[in-house]
Amino acid sequence: MTQASPLLSVRNLGVSFRMESGEHFQALKGISFDIAANRTVALVGESGSGKSVTSMAIMRLLPENNTEITAGSEILFEGRNLLQADRRALRALRGRDIAMIFQDPMSSLNPVFTVGDQIIETLMLHTGMRRKAARQRAVALLKEVGLPEPDRKVDAYPHQLSGGQQQRVMIAMAIACEPKLLIADEPTTALDVTIQQQILQLLAELQKKHGMAVLFITHDLGLVGEFADEVIVMRHGEIREHGPLQQVFTQPQDAYTKALLNCRPQLDSRPARLAVIDDFLQDQPYQVPPQRERGYAPGDDIVLDVQGLCKSFESREGLFGKHVFHAVKDVSFQLARGKTLGIVGESGSGKTTVGLTLMRLHQASAGRALFNGQDILAMSPSEFHACKRRIQIIFQNPYASLNPRFTVEEILLEPMTLHAIGRDHAERKQLAAALLDRVGLPRRALQKYPHEFSGGQRQRIAIARCLTMKPDVLICDESVSALDVSVQAQVLNLLQDLQDECGLSYLFISHDLSVVKHISDQVMVMQHGQVVEQANADSLYANPQHPYTRQLLSAIPQGWPQQKGTQVA
Amino acid sequence: MLAYILRRLWQMVPTLFGVMLLLFILFNWVGGDPSYILAGKSFSAETLANIRHQLGLDKSLPEQFLIFVQQVLTLDFGTSWSTQQPVADILGSRIGPSLTLALPMLLVSLLLSVIIAAIVAYVRGSLTDRIVTLICTLAMSVSALVYIIAGQYWLAHKLGWFPILGWSDSLATNLWLYVPLPLLLGLVVSLAPDIRFYRSCFVEEMNHDYVRTARAKGLSEQVIMLKHVMRNALIPVVTSLMMSLPYLFLGALLLERFFGIPGMGNEVLNAVDRSDFPVIKAITIYVALATMLFNLLADIVYKLIDPRVQLK
């Protein structure tokens, strides 16, 4: 670390929010750290750790009416305390000296202005450029961030660009005025894995080229190895560990850091049970559990046999024209009883459509799906009703997929009543309570509403709801993607236990290749609606045949540089 | 775009046909026999037959419907049963007074409600916001009739600031003498719900991520509000505005009645009163056409303010 005064110095920063109930929630408990000029600092933490609050506090963007900054807090930028700066000074600073990019580029860009206008606006505001000059500079910036056809795209609206392109526009906007500090708040979380890698490379390049300091905020320790100099690990509003990149990865001091490093599924190891945070907070040192063997074996009982599944969507074009979009093209696979088939692919690959079509939530355009020998796609609605409970789905967003007006008891009893499971109400209630035990929730949860639970708990409720119907096949559509790494490990462990216990078969749809590697016996890679490769998990990851599979695998963020060599290339 | 407009216009044909069929069935089913009303108290079988022949009611139902279709296609609804004037002339003379009142009201109301809504949305949660919300709720819970009667009594009769009612042939006189009081009372009625609705549009937009981006750029709150938020918040505002436009042609029923304004609203009431079927039919068809056309216009305006909208 440099001895000269750092670019940004956060001292004893404490932030609390006044809740509607009148209580105070202490989001930051007096944290201190420095960012030197031209350095990249990664701030890592799970939801609720206070990492985003920190970035918003630096930008002074926290809502004024319910935020309280603890007395004695200081945020010194080039020696000036931002907490005492007036509005005018802050406005001059924002966008010029400190710029920011956010998690979701689609919603962070104003949808009704062209991307060019939004960059030009920043330039005209801070540099006093005329419109024409600003426009030329905007095109140059778009070119610098690698947007194809920058002189045409400058007039595009945000929705006309892909997610990766939108994030490039956000970056162009942020570096427009050559800021000294760039704050990147989860800039790649909403993006596909290959796009994520491109954006990270771009950020690293720009950091070097422009000599900016970067504060990189993420929940994923795996990402920071790509280009951070220092790592700060936060939990519950406190800094748990702060040190140079290599030290944090190779010799973590704090139990929580160790846990974070271990609970993320690795490509080169498949423990029978993933580590969770609690394993590290106990007195005994963590013992790595034995490895688990996976893969289809000859003679496995096939529970679901899908042959030539197709799904196309039609849309109108012109006066009489029709446009047909083939979302799923000739997809065939077999799901063995008690095993897991992982489906990976980027957004738009058709992986979700496969799941929805098998649930008959979409009408298949062609193909057969033999469930225990019967084609469920050809059944009449009444015939299918009997099968319905045996194939269930868990969605990605546990916030949106549970009815907010139902108690957990109602959520669990409804499918049982519908499918006449259990003799009477009392027996169903018994079953519901037993299932809650099974997924690791207390029985008093029955009387609560979904909003009273955290994301991981809600996903447990969703799993319990599926289990009420004693399904044979469970489709997990990005079921752990919205969860924190540590919670994700718990839910993956639960899914594994349930599979071992009840012989469930999983169709595990995810964009996260490490998670899929961990849980799957066989893996199917999809691109543009087609299966490009399908093989036993171990052989697919060890020896990918298709170029697209190789591309996906090489884009996986792999901790920090020295680990890379040991892993699959 | 052109293909879209053509397709939408084409889709209006079955809709209009549906409206006509419904209208025709309603008139024949619940409308009763108008010849009894027209014949008055002293009717004989002969006068009745005579009237029925004149009105074309002695023809078979399909034939009558065909005549109706013809009327709609030529937009010639014949003559009024009560005054014998051509329907087109009646409506032509009524639309002027209606628009004289309704257009200024629409413009002033839109301008005021958008500005007030933007201000209270900006200071949301403050005392001002709560007071405005309270006033709006109170204003919405009082019947329009109360405002009209109280306004006529206090402002016109007691204080003499306005004439109680009346209308002239001169546009200027109407605008500065007869329009202000009904305009004021109309505003009191329409502002409260509009302000509340527009406020919620603004507040919703202000919570979006792009507002945070705009702040992070260093833009001032005024620019954020007037440039970034306004254009997005206008999208629902335009919809509600377009939905209300067809009613311009219906006039303000109560206001025209109470202030003696010879507009469409008054005419509708008169026509219903006298079972003047040709006039009612004509107005219904015109309102249906206006609704469809303004809906189309709303979708096109949408496309202009919101580039994300795809016209399909």
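1. In chain A, residues 24 or more positions apart account for 68% of the contacts with a separation of 6 or more. Contact here means heavy atoms within 4.5 Å. The model is predicted: local features need pLDDT of at least 70, side-chain atom pairs count only at pLDDT 80 or more, and totals for chains, interfaces and linings use all residues. Residues are numbered from 1 along each chain as its sequence is written, chains are lettered from A and ligands numbered from 1 in the order written, and side-chain values use heavy atoms, without hydrogens and water.

2. Next, overall form. Chain A has 569 residues and a radius of gyration of 25 Å, which agrees with the value near 25 Å for a compact globule. That radius is taken over C-alpha atoms, and the globule rule is 2.2 Å times the number of residues to the power 0.38. The C-alpha trace spans about 70 × 65 × 50 Å along its principal axes. Chain A holds 22 helices and 21 strands. These are DSSP runs numbered from the N terminus: helices are H or I with at least four residues, strands are E with at least two.

3. On burial, 55% of the 569 residues of chain A count as buried. Buried means under 20% relative accessible area, exposed over 50%, and partly exposed in between (1.4 Å probe, protein chains only).

4. Helix α21 of chain A covers residues 547-554, with Tyr548(A), Thr549(A), Leu552(A) and Leu553(A) buried. Seen down the axis of α21(A), the buried residues fall within an arc of 135°, so they line one face of the helix. The arc is that of the directions from the helix axis to the C-beta atoms. Partners of these buried residues in chain A include α8 (193-210), α19 (513-519) and β20 (522-527).

5. Gly79(A) sits in the loop between β5 (74-77) and β6 (80-81) of chain A. Gly79(A) is exposed, at 61% relative accessible area. Its C-alpha atom is separated by 7.8 Å from that of Ser5(A), 74 residues apart along the chain.

6. Two backbone angles deserve a look. Most residues other than glycine have a negative phi. Asp330(A) has a positive phi, near 50°. Asp330(A) belongs to strand β13 (residues 321-336) of chain A and is exposed at 54% relative accessibility. Leu75(B) has a positive phi too, near 55°. Leu75(B) lies in the loop between α4 (61-74) and α5 (87-122) of chain B. With a relative accessible area of 36%, Leu75(B) is partly exposed.
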